[in-house]
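I opened my notebook to look up a ligand shell, a cavity and a salt bridge. Here are the entries, in the order in which I made them.

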Amino acid sequence: MSAVGAGTVAGSLSVVCRRGCPPGRRSPVVAVRSGGVAAAAPILTQLRGKCATPLPVLRRVADAMAADIRAGLAADGGDGLPMILSYVDTLPTGGEKGLFYALDLGGTNFRVLRVQLGGKDGRVIDTEFQQVSIPQELMFGTTEELFDFIASELARFVEKEGDRFQLRQEMKREIGFTFSFPVKQTSVDSGILIKWTKGFAVSGTAGRDVVACLNEAMERQGLNMHVTALVNDTVATLAGARYWDDDVMVAVILGTGTNACYIEHTDVIPKLQGPKPSSGRMVLQIINTEWGAFSNSLPLTEFDRDMDSASINPGEQIFEKTISGMYLGEIVRRILLKMANTTALFGVSAPEKLCTPFTLSTPNICAMQQDESDDLLTVGTILNDVVGAQSSLSARKTVVEVCDTIVERAGRLAGAGVVGILQKMEQDSKSLIFGKRTVVAMDGGLYGHYPQYRKYLQDAVTELLGPETSKNVVIDHTKDGSGIGAALLAAANSKYAN
Ligand code: ADP
Ligand code: MG
């Protein structure tokens, strides 16, 4: 990171003591001369221009998304999206009955859950879950150590199973495994780990079937249980939402990262032609698009390119870097840093903390955008507490504009992505999408907590589809779809016929 130079603004600035303000709840509007803010205006105008997503841009993005989906279904390794087959061809119907478990591993916490399903009438009779954090050292240990830990926690959870939960006679407990790491799936209940991500560096797992790893660990723990479905979080979300609503066709996660999946007809998946599944009955399958990898036609700026270059995966996951929670705050920080350096937005020099990557989080920019007070007190407090910046009222207004520009672009592009998927389904499949009610199930902390993001996404969908068609497309927030979804898939793929 380069040293922060003094602002290049000419003229005298009445600089206020920059370290003097205690990090209290209130930060008074500071008398930084507003020349800096006025000078920031051209940068803001230029930023707005480069991030603009008028209808023609949205259309290009939606079309490009549809084209990349098609290319990814045609062949692996081409220009298209990864379009990973989930082998999930049996979706929950609502008729599932019995006791099922789920295990969700996708970060530094994992969740275990049990659910008693009562069929069409009873639905979810009871459910319980528990969250466990993974000890740091196990993220760098061996496969056996990690999976033994998970299986032993699971065993303790199973021991606490009360009378309200009932396993049918002669049945082993069955579990759905949500595993959100790159996996090469070979069937609905097996998949080879390609590599660990998200800070995990467990030795000996890559190249192995993660279902076998878990089944073996459960056996070592004396747990009489087995995995009947292996899925990622997006697929589990779709299954969970579909259980309640037959019109769910697409699921999107907008959290730290982003992904989307949808229900596809197998006869429009050319790359499936080779190793066709043995039974001829499979006509539908959930496809995991890995849409975070999308990169065509996006309105990007120097700030996006610089952030990408500095990332651990330059050139990859460009859509994710433009629309997901991990990055929105960081894009804003980079813009504010440029404004601070070249226009003295926060006084004579940029505050030191503003130079540190990822200091400003997406929840921070979200909180700033919720500030409706006249003097933008919350904005001032966050700028002071988080990046050590003292701000005039007009600087705060500029900051909010920057946040809004980046969030508007993100939400609208996510909306264009959703329409791209729907468009592809409508055009190539026998799925009637626009002529009837179709539900897109949304999940993830970004979507759940950021009202402006949600609104921009919905606006883009409505603009793209027009007032009539958009009435049929329901963008719906699912609550804890993914946890229960994996248990439902365990049920739908049960070894014991229902
Ligand atoms: P993950 O994607 O890691 O599984 P979540 O779906 O819970 O986890 O999403 C967490 C992400 O959601 C955070 O990284 C953050 O970007 C975003 N987020 C969380 N809380 C808020 C908030 N209050 N406002 C805006 N974004 C938020
Ligand atoms: Mg998640």
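**Entry 1: the ligand shell**

I sorted the shell around ligand 1 by class and got 4 nonpolar residues, 7 polar ones and no charged ones. I am working with a predicted model here.

Next I wrote down who is in that shell. Ligand 1 is surrounded by Gly-255, Thr-256, Gly-325, Thr-362, Pro-363, Cys-366, Gly-444, Gly-445, Leu-446, His-449 and Tyr-450.

**Entry 2: polar contacts of the ligand**

Which residue puts a polar side-chain atom 2.7 Å from an oxygen atom of ligand 1? I found that this is Thr-256.

I then turned to the backbone. A polar backbone atom of Gly-325 sits 3.2 Å from an oxygen atom of ligand 1. For Leu-446, I noted a backbone N or O atom 3.2 Å from an oxygen atom of the ligand.

I also checked the ligand's surface: ligand 1 exposes 570 Å² when taken alone, and the protein buries 60% of that. Looking for the elements that give two or more residues to the shell, I came up with α10 (362-369) and α13 (445-449).

**Entry 3: cavities**

How many cavities of 30 Å³ or more does the structure hold? I counted 2. For the largest cavity I have a volume of about 80 Å³.

I listed the lining of the largest cavity as Ile-43, Gln-46, Leu-47, Lys-50, Thr-301, Glu-302, Phe-303 and Lys-338. By class, I put 3 of these lining residues down as nonpolar, 2 as polar and 3 as charged.

**Entry 4: salt bridges**

My count of salt bridges comes to 24. I picked out one of them, in which the side chains of Glu-401 and Arg-48 meet at 2.2 Å, N to O.

How values were computed: Residues numbered from 1 in each chain as written. Chains lettered and ligands numbered in written order. Predicted model: local features only at pLDDT ≥ 70, side-chain atom pairs only at ≥ 80, totals over all residues. Heavy atoms only, no water. Near = heavy atom within 4 Å. Polar contact = N/O pair within 3.5 Å; in protein donor to acceptor, adjacent residues only side chain to side chain. Areas by Shrake-Rupley, 256 points an atom, 1.4 Å probe, with all protein chains shown as cover. Helix = DSSP H or I, 4+ residues; strand = E, 2+ residues; numbered from the N terminus. Nonpolar A, V, L, I, M, F, W, Y, C, P; charged D, E, K, R; others polar. 1 Å grid on protein atoms, 1.4 Å probe; cavity = no way out; pocket = protein on both sides within 12 Å on 5 of 7 lines; lining within 4 Å. Points joined across faces, edges and corners; volume = space filled by probe spheres on them. Salt bridge = Lys/Arg side-chain N within 4 Å of Asp/Glu carboxyl O.
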